[in-house]
Amino acid sequence: MEKKKQPKAEWNRDALYWNLPKGKKAVADSIYSGCPEKVMIKREGHPEWVTEYLDRIQNRQETYHERLANFNILSSKFRHGKSSEEKMQLHRMSVDCVAFLVHHDLRHHPLMDV
């Protein structure tokens, strides 16, 4: 079953798409092919050096996301806090701490150059 496309008017306005500075683009998978004004994807006809550059960027992003995922903060049930609101607040703090640790580690063990 194919998912229906969500109209842009219903997109989360806090998302990166809406916060990119004018003239800047994100690099993403082909699922974002309908957003050429904000997102760069690999396309047929790109020179080989552009395709290789975009591959390196995507590999770098995947490495970063893998470092975040290694903490398993999103893959198991969060059991701290009493109320739903407190649990959400503590879980967000945990995710922020993991992001801080990964960023700190990147200062000493940087990802590959693109």
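Trainee: Why is Asp-105 called partly exposed?
Mentor: Asp-105 has a relative accessible area of 29%. Buried means under 20%, exposed means over 50%, and partly exposed lies in between (1.4 Å probe, protein chains only). The value falls in the middle class, so Asp-105 counts as partly exposed.

Trainee: What are the ground rules here?
Mentor: This is a predicted model, where local features need pLDDT of at least 70, side-chain atom pairs count only at pLDDT 80 or more, and totals for chains, interfaces and linings use all residues. Residues are numbered from 1 along each chain as its sequence is written, and side-chain values use heavy atoms, with hydrogens and water left out.

Trainee: What makes Arg-67 and Asp-105 a salt bridge?
Mentor: The closest N and O atoms of Arg-67 and Asp-105 are 3.3 Å apart. A salt bridge needs a side-chain nitrogen of Lys or Arg within 4 Å of a carboxyl oxygen of Asp or Glu. The pair meets that limit, so the term applies. Arg-67 lies in helix 2 and Asp-105 in helix 3, so the bridge ties together parts 38 residues apart in sequence. Helices (H or I, at least four residues) and strands (E, at least two) are DSSP runs, numbered from the N terminus.

Trainee: What else is Arg-67 in contact with, leaving aside its neighbours within four places in sequence?
Mentor: Besides Asp-105, Arg-67 is in contact with Val-102, Leu-106, His-109 and Leu-111. Contact means heavy atoms within 4.5 Å. Ser-84 is 17 residues from Arg-67 in sequence, yet 27 Å away in space, C-alpha to C-alpha.

Trainee: How many salt bridges does a search of the whole structure find?
Mentor: The search finds 2. Asp-55 also forms one with Lys-42, at 2.6 Å between the closest N and O atoms. That pair links distant parts of the chain: Asp-55 sits in helix 2, and Lys-42 in the loop between strand 2 (39–40) and helix 2, 13 residues apart. Asp-55, at 28%, counts as partly exposed. Lys-42, at 39%, is also partly exposed.

Trainee: Why is Gln-58 called buried?
Mentor: Its relative accessible area is 13%, below the buried cut-off, so Gln-58 is buried. Gln-58 is in helix 2. It touches Val-27, Ala-28, Asp-29 and Lys-42, not counting residues up to four places away in sequence.

Trainee: What makes the Gln-58 and Asp-29 side chains a polar contact?
Mentor: Their distance is 3.1 Å. A polar contact is a pair of N or O atoms within 3.5 Å; within protein, one must be able to donate a hydrogen and the other to accept it, and residues adjacent in sequence count only if both atoms are side-chain atoms. The distance passes, and the pair is listed as a polar contact.

Trainee: How many disulfides are there?
Mentor: The count is 0, where a disulfide is a pair of cysteine sulfur atoms within 2.5 Å. Cys-35 is buried at 5%, while Cys-97 is partly exposed at 42%.

Trainee: What makes Phe-71, Phe-100 and Leu-101 a nonpolar patch?
Mentor: Patches take residues with over 30% relative accessible area and no salt bridge; like charges are joined within 9 Å, nonpolar side chains (Val, Leu, Ile, Met, Phe, Trp, Tyr) within 5 Å. Phe-71 shows 43%, so it clears the area cut-off. Phe-71 is in the loop between helix 2 (48–69) and helix 3 (84–108). The three residues together have about 320 Å² of accessible area, computed by the Shrake-Rupley method with a 1.4 Å probe; for residues, only the protein chains shown count as cover.

Trainee: Why is Ala-9 called exposed?
Mentor: Ala-9 reaches 63%, above the exposed cut-off, so the label holds. Ala-9 lies in the segment before helix 1 (16–19).
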